Amino acid sequence: MEWLWIAVATCVLTSCSVKGDDWWLEYEEGIRHYSKEALNKEFPEKTRPVNFKHPLFQCPDMSPSPSVPSSVEFVKAADIKVIAALGDSLTTAIGANATTVLGIPIEFRYVSWSIGGYGSFQDVITLATPGKTVHGMQAHISETGFNLAVTGHNTFNLPGQTRHLIDTLRRYEGLNFEEDWKLLTILMGMNDICDYCKDKALFSVDNFIHYMTVSLEMLMNEVPRMIVNVVQILPMHTLREVQKPTPGCLLQRSFCSCLIEPLPRSPELRELVEVNLEFQKRLEELLYSDHFFRDDFAVVLQPFLKQADPPRLPNGKIDMTFFTHDCFHFTIKGHEELAKGLWNNMFQPEGGKMIVSSFSNPISLICPPMEHPYIFTRPIAAKSGQSELQCEAPSQAAIFLLLSLLVGLGFM
């Protein structure tokens, strides 16, 4: 049984866990309050049946550009050769297909919304990492792919992740570092909100912006031919509601105590909501500019999560099938909605990008527009005056290159 394997892995991890690993300590503290029966209870509604298939999704054109683009403004999705991701547990997809609470430490990277890699689009909707890992245990790139996110990391860890990615890209056999186009997605900052009350200086808005800036400048200065998606962070306060239908969501309190523990309408909660909004505002100020834009490099803020409300049932209660057993992270269903939101934002211009108001209604995927079959990268702040685009039919290879695992391309 899978739960037995998970239990064994958990025991191994307990003996091998890294000293000072706050995430693991929080997990141990959380499950200490569960009964043995609760620990082994299986939740089939939170997993994906093997025979599940999405309807086929196709767009008219699947061709890459006739030659490798030299400008970041004319990159089709099919021109992307490397897909990478940095972030925290939301990007490692921790617990995303776990059957029990003991499966939470399993990182199901192959179904992660921003990089994925499992099967095809019909199996799981992701942006196309080959395997799964266990939190706290070393993993080879053959298991992680270029999903170098680390569960439990805060934004001050992002420069370290960025350095790891740059070094990995440089030495990866089969990758033409100078010529190949690369797509990187970063989502970071939620753990800063979760830990804010523990150290308001360390997890301040200024530090969030500082470490984000340092990381993006490292990429801009060292990596040619790269498009970076920076995804806007969630309004975290809505996650407080996720615990209501299931009072036993003890792990949520362990992972995000600064958000969960304050009383409703308390000064502490109001401050945290204001800080969350300030994170969003300052990130917009940083990225709605032309600072991170050049001929072969661009950073694009993808805002689809800015106002997102948790998925709800018709009666208004939270749809718990979107959340793992810890009532905090997303199951495969949640990862798929994030993937669709990111995909759509990539093919929408700044000022016209979709912002999800609620995940209650499934997001419909769009095809790249006929008049602009490229990933949108030019910021409004950049000088206008580009020549009129001579567009072909929209590039849809992205649907298969980015939304599914391409067999035979080891670095995808």
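This is a predicted model: local features need pLDDT of at least 70, side-chain atom pairs count only at pLDDT 80 or more; totals for chains, interfaces and linings use all residues.
A disulfide is a pair of cysteine sulfur atoms within 2.5 Å. Residues are numbered from 1 along each chain as its sequence is written, and side-chain values use heavy atoms, with hydrogens and water left out.

Take the pair C194 and C256, whose sulfur atoms sit 2.0 Å apart. The torsion about their S-S bond comes out at about -90 degrees, so this disulfide is left-handed. C194 belongs to helix α7 (residues 190-195), whereas C256 is in the loop between α9 (250-255) and α10 (257-260), so the bond ties together parts that are 62 residues apart in sequence. Helices here are DSSP runs of H or I with at least four residues, numbered from the N terminus. Both C194 and C256 are buried, meaning under 20% relative accessible area, with exposed being over 50% and partly exposed in between (1.4 Å probe, protein chains only).

Then there are C197 and C258, again with sulfur atoms 2.0 Å apart in a disulfide. Here the S-S torsion is about -80 degrees, so the disulfide of C197 and C258 is left-handed. C197 sits in the loop between α7 and α8 (205-222) and C258 in helix α10, so this pair links parts that are 61 residues apart in sequence. As for accessibility, C197 is partly exposed at a relative accessible area of 48%, but C258 is buried at 3%.

Key
Helices (H or I, at least four residues) and strands (E, at least two) are DSSP runs, numbered from the N terminus.
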